[in-house]
Amino acid sequence: MSRMRNRDAMRRPTAVLVAAVVLALGACKGEEPAVAPVATDANPWPRVDWPLAEDPALEQRISELMATMTVEEKVGQLVQGDIASLTPEDVRKYRLGSILAGGNSDPGGRYDASPAEWLALADAFYEASMDTSQGGKAIPVVFGIDAVHGQSNIVGATLFPHNIGLGAARNPELVRRIGEITALETRATGMEWAFAPTVAVPQDDRWGRTYEGYSESPEIVARYASAMVEGLQGKAGTPAFLDGRHVIASVKHFVGDGGTVDGKDQGDTRISESDLARIHGAGYPPAIAAGAQTVMASFNSVNGEKMHGNAPYLTDVLKDRMRFGGFVVGDWNGHGQVKGCTNSDCPATITAGLDMAMASDSWKGFYETALAAAKSGVISQERLDDAVRRILRVKFRLGLFEAGKPSSREIGGDFALLGSPEHRAVARQAVRESLVLLKNAGGVLPLAPGQRILVAGDGAHDVGKQAGGWTLNWQGTGTLRKDFPNADSIYEGIARQASAAGGEAVLSEDGTYADTPDVAVVVFGEDPYAEFQGDLQTLLYKPGDDTDLALIKRLKGEGIPVVAVFLSGRPLWVNREINAADAFVAAWLPGSEGEGIADVLLRKADGSVQHDFSGTLSFSWPRTATQYANNAGQEGYDPLFAFGFGLAYADDGELAPLPEDPGPVGDAGARGVYFARGEAASGMALRIEGAGGQSVTVTKVPEALEGDLVRVTGVDHLAQEDARRLAWSGAGEAVVALQSHVSLDVQRESNGDVMVLTTLRVDAPPRGEAWLSVGCGPGCAGRVALGPTLAKLPVGEWTRVGVPLKCLAKAGADVGKLDRPWSIGTAAAMTLSVSRVALGALNEAQASVACPDA
């Protein structure tokens, strides 16, 4: 591919740039020219040729089975529950059609459960679905999981770069091979269904799921969609299609998830029909043409209408216009967001065209209400039968009725496949090809053999950080080095190769050293996140935290050349870091194979180049932190580094100093952080209030209520006075609260395992009842007992205490309009120190408060 290697090229006229990019796609990695299906009439959605001919024998088999099924059994097929919220006995009793393992759902509730435990669980659910001792038909359950960058839920599995990195590689055949490997490792651990590929076309990089998209370019996404589907499922029309070494794919999220206003996850995509089809619909025609067996409905709305209840798209466009012949599955309780619905009651989603509801923790209520709707005719017999037929058709195609339990299948239990040398070699190739070189002043790269290399930064020896979200758990946080037995950190890869070339690498995350190094490689970037937890307000990298920049500047100031390796799930405004470093590499989220970075950065022992940089930007890089509309072809397109940019070693890697003004960022703090560094977040105030109506807004410390009911003083945690000590005297009831000036909508967060996390230290435990609450005015508070949890914590030690949002919602809070997202109260004597209040994932809590009715 013709690559844009310098700043002059970055400023080519937009029309020329876009035309060149589109035409050049066919030259990348030996690809054939793109041929996208086109609409042949006024309808912007193309007609697609479904690749599987009707099979009369199969249809007869389905008809015979359905003729014997009760309405209860039919409704059961429409319901998918999460393994953390049901048991094999529930599958046996309700004859459920499917189970899933959500991002935080694991055997025994442990993110590091062994592959054998996963397989045993799959066996148990399968056997329950086939057990007819208590009546019912033997219809095998299908087990789905978010295998989105490899079988990334399982300890030891191969972890590939997230999709954003694969998009930079411009290699569909590599993506096909990654799909094949993901299928093998998924089958080995007992599952038959991967919730992949994501074919979103992110248009606002503030979106927390940007890294799940291959590119801002619909053309790249379209190429990759069919390649990944064929990798996961096998090629339609061949003996390999849906055999025991493949899984069913789930193309997601239909449709428009990458185009929401302000990049808000699960938000509203306001767009014309033609642009929706052209941009956000681009991945679906090639995926359908490849025989994708499932499509997942999206959380987002399109022009105000939630997709889970949107018949014009789910039925008219997807099933009728594009001739999709698989079944449509929902996303995690996504049906509950449809107008007039709740998580446990939504016949409208089935009527609209959803075939299987992902009623993760609401499955029982959904089953009961759907059954009543089917019996009353609210869900018509025709619609019910169509949904069941579609689901059974996929199960028959997959051979589940003859397959036996997962452990007895072709590669069931073949755990040697997990992280095998062959699989890791493909992942390492993917890392090499995904790296994008943005700067190489003085030709500092590639690094000569025999040098002493300092490897610094908090990402240098952290496999969890380099792998990102959706890694062993939903957010990818809280993992340890031992959790990745078949992996290399970036430091380990550099150290191995430096030693083999006659040099050495020394790990020092804070950049200190005894002997002056010849060069420093500083690895830094975003901490792991997933979905809405990663939504940003601006593209400013870590606002208010200059730790990484200070490290680069200090090493440079000591006369050491610095190579910056930036880990991120999206392009971010890092002009200051780029200026400070000699070389700057966008490494995205490379996964388990950190040595793939060493393959490109280091020369061989004889001084020759091992691998050149070949990756090019699949997302445009922002000129300012507020450049959200930054996609090739848009009016006024003026990025810092254009779509398709990427240096090679032969290029001039010099870069003139970049502007260090991020633009009018205003409050650029991360969403969901309510209190940090001793201050309430912008738009909030810290208040102390007594039961008698007295109140004080805390603008300085110390501060207290009249009568010293509660006193607030400064205290140190990680920095001077970055926390507040809250001391209740016990003379009467009082609360310390964060009050928001605007209402906060955290419904999407309450739908997942998101908690209100308080980083605190118990200085004196409560001598009576204490509580944590959220609220939105009179009669709208949710309150849970906090005293028992605090009483168990060791005095004088900092910890993170979590309260699930869904518990507070059950306790009465309207989580769609909170103006008080956190308060702690007691009438007893108690002293706590608090340094941070934020929303966070289940696994981030070190102590948790259970739901009152749990």
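An open sheet is built from 5 strands in the order β4-β3-β2-β1-β11, and the pairing is parallel. Strands here are DSSP runs of E with at least two residues, helices are runs of H or I with at least four, and both are numbered from the N terminus. Two strands pair if DSSP finds at least two bridges between them. The edges are held by β4 (193-194) and β11 (357-358). Each has a single partner strand, so one side of each lacks a neighbour in the sheet. Strand β3 (residues 142-145) runs parallel to β4 and is joined to β4 by 2 bridges. Within this pair, G144 lies opposite W193 of β4.

Helix α14 (residues 363-376) packs on the sheet and touches β1 (79-82) and β11. Contact means heavy atoms within 4.5 Å. The direction of α14 makes about 165° with that of β1. Axes are lines fitted to C-alpha atoms, for helices over the stretch in contact, and angles between N-to-C directions run from 0 to 180 degrees.

The model is predicted: local features need pLDDT of at least 70, side-chain atom pairs count only at pLDDT 80 or more, and totals for chains, interfaces and linings use all residues. Residues are numbered from 1 along each chain as its sequence is written, and side-chain values use heavy atoms, leaving out hydrogens and water.

A helix pair was also examined. Helix α3 (residues 56-68) packs against helix α15 (residues 381-397) at about 125°, with the axes 10 Å apart. In α3, the contact residues are L58, E59, R61, I62, S63, L65 and M66. They meet D385, V388, R389, L392, R393, F396 and R397 in α15.
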